[in-house]
Amino acid sequence: MVVPQAESRAERRRGRWQPRLDRPALVALILGVLGVGYRLYLVLHTVPVANSDEATFGLAALHIAQGREHPVFLYGQRYMGMLQSYLAAPLLAVTGPSWPALRLPVLALYALFLWLIHRLTRRIGSPWFATTIVGLLALGSERVIRDQVTTVGGRPEVKVAVLVMLLIVVGLARGTVRHRRWAVGGFGLLAGLALWSDWLIAPYLAVAGAALLWVLRRELLGGAGLLLLVGFGVGIAPMIRDNLVAPAGQDSLSVLGRISGAQGPSPTWGQRLDGGLLEGVPLAAGLCPMTGCAGWQEWFGLLYPVLLVVAAVLAGLAYRRRVGQGERVVAVVHLALLVGAAATLLAYVRSSLAATDPLGNARYLSVLQLSLPAVLWPLWVAAVACARGTVGAAGRLVGALATALLAALAATSLVVTVLFATVGAAPGRVQERQSRQLADTVRAAGLREVYGEYWTCNRLVFNTGEQVVCGVLDGDLHPGQNRYPAYWWRLARATRPGYVLEAGGSADRRLRELLGDGADAALLAEVGGFRVYHPPTPLRPWR
């Protein structure tokens, strides 16, 4: 293994110590700034396009800023924490409803993620390897960017939490943490907050906890263990409190159980592996556009489980060769990241979602970015050994292959990133502009209560700053998924609500059927693929 170097050097200048970045850290800083700048440009232009799920987080942030609500979970469900809404609330209190303001805290989390994974990779790998990891993570396809800058809950903050927890483990093992007990308490706090925010991170929390147990052993039987439990309790307290007052069957465990046990066609294991490995892993790694992976882009999905096994073997050998916690913690953290990735991937492949809708559900694998340093480490070691000429003919062959694979990974990510930045973002800009035009049209028509479909409603409400409220209907014009019941009850009292429906969709056809000859007279406008109706009398077929 390459021995990690110091992260920065300090030199005496005019009687003061000033840090100076070494060359790998400086290159990593430049790459990180480019990655954050690229995403900032997209955030300011609301790319990727917003949707009603994100709008629900935005509406919650507005309610928090106004002191009206203090939600624990996303409106309409009891398993997705609202930390991102709380982070955005102060900004929205100043700007009002604004997609860039809503996304800026998530962008800050991405910047923090880059910095933390660079620090961790230097401690468990090598300086230039850490720079390479930052370079790969600075790139981003639409699938990757959507997970990193849109406010849809969970994943950005939990990745930051896990990285801090693992850095605490490394610091405790090497004796560089000054206040050990308080660090352990912070570990517990982050674990609790992460579990409240997104249950998908549970495998990584489990392996990070196992690594902490390996480092502390007996210390956890004393004050450190008590602070760990207290910290965890404080972090997860919002979820516990909400579950204690939840109606029967509406607690988080029951809701998650119903979701995971939903009935439907059971895909074969071949279909699950095809959607989970060949499609899901490359999508989550940023090697494919949102439309799906071509055959030549699926190679990383095949390689990924092989790398997991090889990296685990190397980490096990490194653990046996090294002596002392300070040295062995590198292998322990590698193993933790690999087991976390394997458990996450296994859970995803076992789900029918991996087969039925791999394009829509690859976001659940975004946490695999945490394991990128451990997964790619065998390729880096082989490539460096080949470049230095310290191996024989077989080693040079393996090293050349490893170098080619790393280059292919970087080149594919770069091509997909450039295609999205130059071509793929354009449809989203058009759709976002049409969404704003729709909001302006509805508002200008004097409508304040409208019915619409799920992917229209909360987005319209956020774009109008709640000047217009919307009740969700399904394709048969019956009540749909109304995440915020207050809007629905306001619509129920409206004497003459409007309708905002996708032109030509099932709900639009049903409404025109009910309106009969008066359909065209009730039509106020057609904007961006939507039709705005204002019938003289309310139509509520479900009554």
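Are C288 and C293 buried or exposed? C288 is buried, and C293 is buried too; here, buried means under 20% relative accessible area, exposed over 50%, and partly exposed in between, with a 1.4 Å probe and protein chains only.

A quick note before the views. This is a predicted model, where local features need pLDDT of at least 70 and side-chain atom pairs count only at pLDDT 80 or more, while totals for chains, interfaces and linings use all residues. Residues are numbered from 1 along each chain as its sequence is written, and side-chain values use heavy atoms, with hydrogens and water left out.

**View 1. The C288 and C293 link.**
Let's stay with that buried pair. C288 and C293 are joined by a disulfide, with an S to S distance of 2.1 Å; a disulfide is counted when a pair of cysteine sulfur atoms lies within 2.5 Å. The torsion about their S-S bond is about 105 degrees, so this disulfide is right-handed.

**View 2. The C457 and C470 link.**
Here the sulfur atoms of C457 and C470 sit 1.9 Å apart in a disulfide. The angle about the S-S bond is -55 degrees, and this link is left-handed. It ties distant parts of the chain together: C457 belongs to helix α20 (residues 454-463) and C470 to strand β4 (residues 469-472), 13 residues apart. C457 and C470 are both buried.

**View 3. How the cysteines pair up.**
The structure has two disulfides. Count the bonded cysteines along the chain, and the pattern reads 1-2, 3-4.

**View 4. The fold around the links.**
Step back and you'll find 23 helices and seven strands in the chain; these are DSSP runs, H or I of at least four residues for helices and E of at least two for strands, numbered from the N terminus. Take contacts between residues at least 6 apart in sequence: 72% of them join residues at least 24 apart, a contact being heavy atoms within 4.5 Å. The C-alpha trace spans about 85 × 60 × 55 Å along its principal axes.

Of the 543 residues in the chain, 50% are buried. The accessible surface comes to about 23900 Å², and 62% of that belongs to carbon and sulfur atoms; areas come from the Shrake-Rupley method with a 1.4 Å probe, and for residues only the protein chains shown count as cover.
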